[in-house]
Amino acid sequence: MASTTGHPAGAAGGREVLAFDLYGTLVDPIAIAGELGRLLGDADGREAAGLWRSKQLEYSFRLTAMGRYEDFCWVTARALDFALASVGGRLPDGQAERLVELYDHLRPFPDAVPALLALADLKYELAVLSNGTPAMIGNCLDNSGLGEFFGQRISVDEVRAFKPSPLVYRHAAERLSVTAGQVRLVTSNAFDCVGASAAGMRTVWVNRSAAPFDTIGAQPDLTVPALDRLPAALGG
């Protein structure tokens, strides 16, 4: 369903591409808390789910700062190990691997499909730009029902560095055959907005939790409280 013709104009008069972050923007990784709650108990499950996500991001930042790369599946598994150790949780054999595999089956946020349908109708070209491996991105999009919207699926695996490295955003523009200024990154992660802006992209911050924005970079070009508010915010 992704459009490939009649693209809305970008800043330089060429086409504009909307590049979407995946985890936390289109699909909800914290939803795994329910499964962790079943295995560990509600309180430990909620705590472990939050730690898992925060440590997953922290490990990706640290690896990139060190000039080292391990793919996002590896990072996700190591972050889960930390979260379980932090709450003193023990899982039956094979359950940790099954939890990591749930990243292939994350559910879309309720606002995702309405937004993508409207943007496709407006003839926007839609892409995904994610820390996930190509296999993780493909599996997640296909299992969530979002795959039909995205012709271009760009993984940081291709440059062996995680967001917010400028390598990621420059590579995305090259893959999309546009300038950085013709890409508008749509993300719920403030660090992703700051990184994309520093690399020359325009940005949309999806601020579902009404949180304050980061104080180390430019404010997002647009802020919306939910993805389904994005088409109107873009003037559609």
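**A friendly note on salt bridges and cores**

1. Let's start with a count: there are 13 salt bridges here, where a salt bridge is a side-chain nitrogen of Lys or Arg within 4 Å of a carboxyl oxygen of Asp or Glu. Please keep in mind that this is a predicted model, in which local features need pLDDT of at least 70, side-chain atom pairs count only at pLDDT 80 or more, and totals for chains, interfaces and linings use all residues. Residues are numbered from 1 along each chain as its sequence is written, and side-chain values use heavy atoms, with hydrogens and water left out.

2. Look at helix α1, which spans residues 33–40 and holds both E35 and R38. Helices (H or I, at least four residues) and strands (E, at least two) are DSSP runs, numbered from the N terminus. The side chains of E35 and R38 form a salt bridge, with 2.7 Å from N to O. The two residues are 3 apart, about one turn of the helix. R38 counts as exposed because its relative accessibility is 56%; buried means under 20% relative accessible area, exposed over 50%, and partly exposed in between (1.4 Å probe, protein chains only).

3. Helix α3 has a pair of its own: D81 and R78, 3 residues apart, about one turn of the helix. Their closest N and O atoms are 3.3 Å apart, in a salt bridge. D81 is partly exposed at 39% relative accessibility, and R78 is partly exposed at 31%.

4. Next come E158 and R175, a salt bridge whose closest N and O atoms are 2.7 Å apart. E158 sits in the loop between β3 (152–155) and α7 (166–176), while R175 is in helix α7, so this pair ties together parts that are 17 residues apart in sequence. E158 is partly exposed at 35% relative accessibility, and R175 is partly exposed at 29%. Elsewhere, salt bridges with shared partners link E16, R184 and R202 into one network.

5. Now for the nonpolar cores, meaning sets of buried Ala, Val, Leu, Ile, Met, Phe, Trp, Tyr and Cys residues joined through side-chain atoms within 4.5 Å. The largest has 68 residues, and those with the most contacts inside it include F20, L26, W52 and F150. Helix α3 (residues 72–87) gives this core its largest share, 8 residues.

6. Setting aside neighbours within four places in sequence, L26 has contacts (heavy atoms within 4.5 Å) with residues including F20, R107, F109, V128, F150 and L227. A second, separate core has 5 residues, among them C193, V194, W205 and F213.
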